[in-house]
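Work through the two exercises below with the sequence and the model open beside you, and try each task before reading its solution.

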Amino acid sequence: MREWRKSLIVALGAAMFVSCSQKQQGQGIDVSFGEENVFKSVNDSLKPGDDFYKYATGNWIKSHPNKDNWYAWGPGAIMGYANEEKFGKLVQDIASQNNPKGSPAQKIGDMYNLYMDTARLNREGAQPILPYLKEIDDANSKEELLKIMAKNYYSPFFICWISADSRNSRNNIVQVVQLFPGFTDLIFQSKEDFWLKIRASYENLIENAFKYCGDSPEMAQIEMKRVMRLNDSIYKANLTREEYFNPNNYHKMSVDEMSSLTGLNWKLFFEQYSLEIPNEVSLNHIEPVKKACRIFLDEPMEDVKSLMKWHVIDKYHRFLGMELYNEFEKFGDISKGGPDGRPRWKHAYDYLNESMPTPMGQLYVEHFFTKEQKERVEGMVSDIKHSLSEIIQQQEWLCDSSKALSLKKLELLKPHVGYPDEWNDVSGLEIDPQLSLLENNKNIELYNTRQIIKRRLNKPVDKDEWGMSPQTINACYVPTSQGIFLPAAILQKPYFDMEADDAYNYAYIGSVIGHELTHAFDNTGRNFDMEGNVKQWWTDKDIENFNSIGDTYAAHYDSLVVLPGLNCNGRLTLGENIADLSGLKAAFRAMQKANADGHIKEKYGFSPEQRFFITYANSQLFFVPDETLRVQTQTDEHAVPMLRVNGPLPHFDEWYKAFDIKPEDAMYIPSEKRVRLW
């Protein structure tokens, strides 16, 4: 994952954890599956060259039946559920104890208990949020509304955060961008029946939320229409997801220049936001932000107030009573194509990971991660980096000077495995169980944001700073810091198994490592030089060659069917698809080097090479409803699971050799037409 793209999500404190179930804690989850279970998944009645995903995973459901009707199902999903159960049980134990005041355990335990006290939440109802809504209602000018947004660190018009300057990666810079493209913008942009249905449900949610917070039915409908009208204008002016992430979206200027350009008093905004005026800012998305600022300035006060109030309700709904909470859950079920039925304790667990990542991360590492795991994965990273360097040297489309620079960039790319060397200081964070859940959350939110401002505003970049917590099941590449991050939670079964051989581990976690390393050289990462700055460091001819090969690969994915009438978006997913193919190649080469002495033997009737590809296919195994696949295809830069297998393998020569793939097989691509980017 190109997690640098989602730094704004990290800054806003959004959770990256994905997991949904109907199963309650205490029933237990079987996480014993390892390499022996992978090969029970193979459906040998199918030809590997016709649909390798189905061939390699076709019997998985037979050997792992979804007995409890989990919403999402597959090895990665089960890993998430198991992580929830073992860590959730630890959190519940802590919450049941009398912990010393000010300790991480006290903070975690008290917030968990507050989140789980639904009787209190129901008694309080909407009361905790009413002061924040009243503050908006009582404002007499747009200037006052701007102050309210800034001091509370939110805006329904644009996003502001602080991160590395992509043209001077040693220093941080304040960045202002349009609202993040994804699920919500399609509600306002798409005319497909699927999205029109979701839009109608969204309107109903807004109305019911305003009624819950005290509006009459008539007033709630008026406020809903105001919200929808302004959002229609904002989102229709926004860039597409592909345009949003263009690294050339960079426009450095002074605060006064940005005020003149947009008409908004940014000096006033930053005085409230950060207590210090930034030296410089980058207005990354000029036209969408200008349009959003004009909407804020020109639209009627009452309309702007309605949009701001909805933003606050949407942001804080989970800290209020169950009636409103259930309204949002109902909308989520419609948007996902069915109920996920997650119990309240799992939402509490997610919230703690999101809001207090440092104490939760320390707890996770202490109980669930070992020095031996860390050292073995670090060795794998070194091996895969070396294999990727050999692959770079072999590319005929890249000139010698650009190869040398690329190899230097790879050499300087730093792996971060498990957890940060230094933990963020959260000693000043106070949790008071006498306050409401929302008030405590507000204190956490303000504390975390002010800590980020303190560390980053007008300060040099800490290139060792983690944008992911150790308990996150994910991995990322950050080009401005020239690093990849592999949190402790992903270094567990099935992704990494200390007892399994290299054919298994290089396919599973090794493909993840290779994927993140390759992001440094995908269609976005290749714009960043060895110091993490956006600049042209390849020749014009190299860039032309890269783009030509990339266009071919994008067209390949455009031809792949997700659902009847819906194909993959090859341009949207290009970077992830490049990382899948090239990362897999690097991991496979590292596995072969590790097996130079032939110690990795045939097992379960498969050669080491065959086991590598079968294991990789199982690492991508994930079952969700068709509507979820539809949403992912239209909003996510990752291809859907089966295409992350059947998409890259036809371009991988060693796969043909391992399974004797013939021209008559459905997935066969002639050698001269295979993409050979890395």
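**Exercise 1: a cavity and its lining**

In this predicted model, the second largest cavity has a volume of about 40 Å³, a volume being the space filled by probe spheres set on grid points joined across faces, edges and corners. Residues are numbered from 1 along each chain as its sequence is written, and local features need pLDDT of at least 70.

Task: find which residues line the second largest cavity, and which elements give two or more residues to that lining.

Solution. Begin with the term: on a 1 Å grid over the protein atoms alone, a cavity is a set of points where a 1.4 Å probe fits but cannot get out, and lining residues have an atom within 4 Å of a point. The lining consists of Tyr132, Glu135, Ile148, Asn152, Tyr154, Val312, Tyr316 and Lys442. Two or more of these residues come from each of α8 (130–138) and α17 (301–316), where helices are DSSP runs (H or I, at least four residues) and strands are runs of E (at least two).

**Exercise 2: a sheet and a helix**

Solution. Strand β3 runs antiparallel to β4 (residues 281–283), with two bridges joining them, and Lys252 stands opposite Ser282 in β4.

Methods:
This is a predicted model: local features need pLDDT of at least 70, side-chain atom pairs count only at pLDDT 80 or more; totals for chains, interfaces and linings use all residues. Side-chain values use heavy atoms; hydrogens and water are left out. On a 1 Å grid over the protein atoms alone, a cavity is a set of points where a 1.4 Å probe fits but cannot get out, and a pocket is an open set with protein on both sides within 12 Å along at least five of seven lines; lining residues have an atom within 4 Å of a point. Two strands pair if DSSP finds at least two bridges between them.
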